[in-house]
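Good morning, everyone. Please have a look at the model on the screen.

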Amino acid sequence: MQHFFVDRSQVEEDRVWIQGTDVNHIRNVLRMRVGEQIQISDGSNRVRLCRIMKIESDRIETEILSVEESFAELPAQIYLFQGIPKGDKMEFIIQKAVELGVYAIVPMQTNRVVVKLDEKKEQSRLKRWNSIAESAAKQSGRTVIPKVLPVMDLEEVCYFIKEFECKMIPYECAEKGVERTKELVEGIQQNSRVGVLIGPEGGFEKEEVAMAIESGIEAVSLGRRILRTETAGMVVLGVMMFSLEK
Ligand code: SAH
């Protein structure tokens, strides 16, 4: 069944209105007709089974047939702070992170990031990155579309996650071994916010890790091998997903 995402304001007691680009998609790409059924999420855990009632040029009216709770979301909100990688690697990272249950992704500017994004470029990248997150969310049956937030530097990240219940910075020279990482992952509580900071291809500078530690973020190991930046975040998300999934 086709799955669509709407804003809460489009949901009424017994109706859901579809607007924007989905209208064209339903009318002209999927060629759906009045009477056909679709699933609609509003960013919460509720999924509504709806029937198309009326198809207009700029909006589609649907009737709610039933509401079900979905368990597609992880019980904790995991934020991936990703040192901006070269080329189109970020797109791959976003797609995979969404499949693994990430809640939000923040492209992170660090000393060894080589990509330069001016204001205009950042805006266009964010648009593209968010549309990748949206298709990955649809494809993997999620009820929340993870957001790709604007670029932050390391200092802003440290401030942003100040109140997060769990925060870690995977670092190949971390003092403690992987046992401690396991302990942290297994200790993640339901409904908590988790921050994971991954360095770009060149990794973090020692001073950057020291600054993160200073603000309460724990440096952790991901094992005895050096992982590429696009592997490191996925490993963390994978083990968190396994630990959190009920
Ligand atoms: N500076 C390194 C590799 C950076 S890998 C070098 O060039 O040799 C990119 C990022 O992945 C790192 O900044 C770190 O966040 C994470 N990472 C990779 N392997 C890791 C490991 N074994 N333990 C912890 N973090 C790791």
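This is a predicted model: local features need pLDDT of at least 70, side-chain atom pairs count only at pLDDT 80 or more; totals for chains, interfaces and linings use all residues.

Residues are numbered from 1 along each chain as its sequence is written, and side-chain values use heavy atoms, with hydrogens and water left out.

Now the overall picture. The protein has seven helices and twelve strands. Helices here are DSSP runs of H or I with at least four residues, strands are runs of E with at least two, and both are numbered from the N terminus. Along the principal axes, the C-alpha atoms fill a box of roughly 60 × 40 × 30 Å.

How much of the protein is buried? Of the 246 residues, 46% are buried. Buried means under 20% relative accessible area, exposed means over 50%, and partly exposed is in between, with a 1.4 Å probe and protein chains only. The accessible surface is about 13,300 Å², and carbon and sulfur atoms hold 47% of that. Those areas come from the Shrake-Rupley method with a 1.4 Å probe; for residues, only the protein chains shown count as cover.

Next, contacts, meaning heavy atoms within 4.5 Å. Take those between residues at least 6 apart in sequence: 73% of them join residues at least 24 apart.

On to the ligand. It is surrounded by 19 residues, and the closest are P170, E172, L222, R225 and L227. A residue counts here if one of its heavy atoms lies within 4 Å. Which atoms come together? A backbone N or O atom of L227 sits 2.9 Å from a nitrogen atom of the ligand. For G223, a polar backbone atom is 3.1 Å from a ligand nitrogen. For G199, a backbone N or O atom is 3.2 Å from a ligand oxygen. On its own, the ligand has 550 Å² of accessible area, and the protein covers 84% of it.

Now R112. You will find R112 in the loop between β7 (104–109) and α3 (119–139). R112 is partly exposed, at 38% relative accessibility. What does R112 touch? Leaving out residues up to four places away in sequence, R112 touches P200, G202, G203, F204 and E205. A polar atom of the R112 side chain is 2.7 Å from the backbone oxygen of G202. The R112 side chain also reaches the backbone oxygen of F204, at 3.3 Å. Both are polar contacts: N or O pairs within 3.5 Å where, within protein, one atom must be able to donate a hydrogen and the other to accept it, and residues adjacent in sequence count only if both atoms are side-chain atoms. R112 and E201 are 89 residues apart along the chain, yet their C-alpha atoms are separated by 7.9 Å.

Is T62 buried or exposed? T62 is buried, at 0% relative accessible area. T62 belongs to strand β5 (residues 59–69). A polar atom of the T62 side chain lies 2.9 Å from the backbone oxygen of V16.

R31 is not a glycine, but has a positive phi of about 50 degrees. R31 is exposed, at 55% relative accessibility. N191 has a positive phi too, near 65 degrees. N191 is exposed, at 70%.
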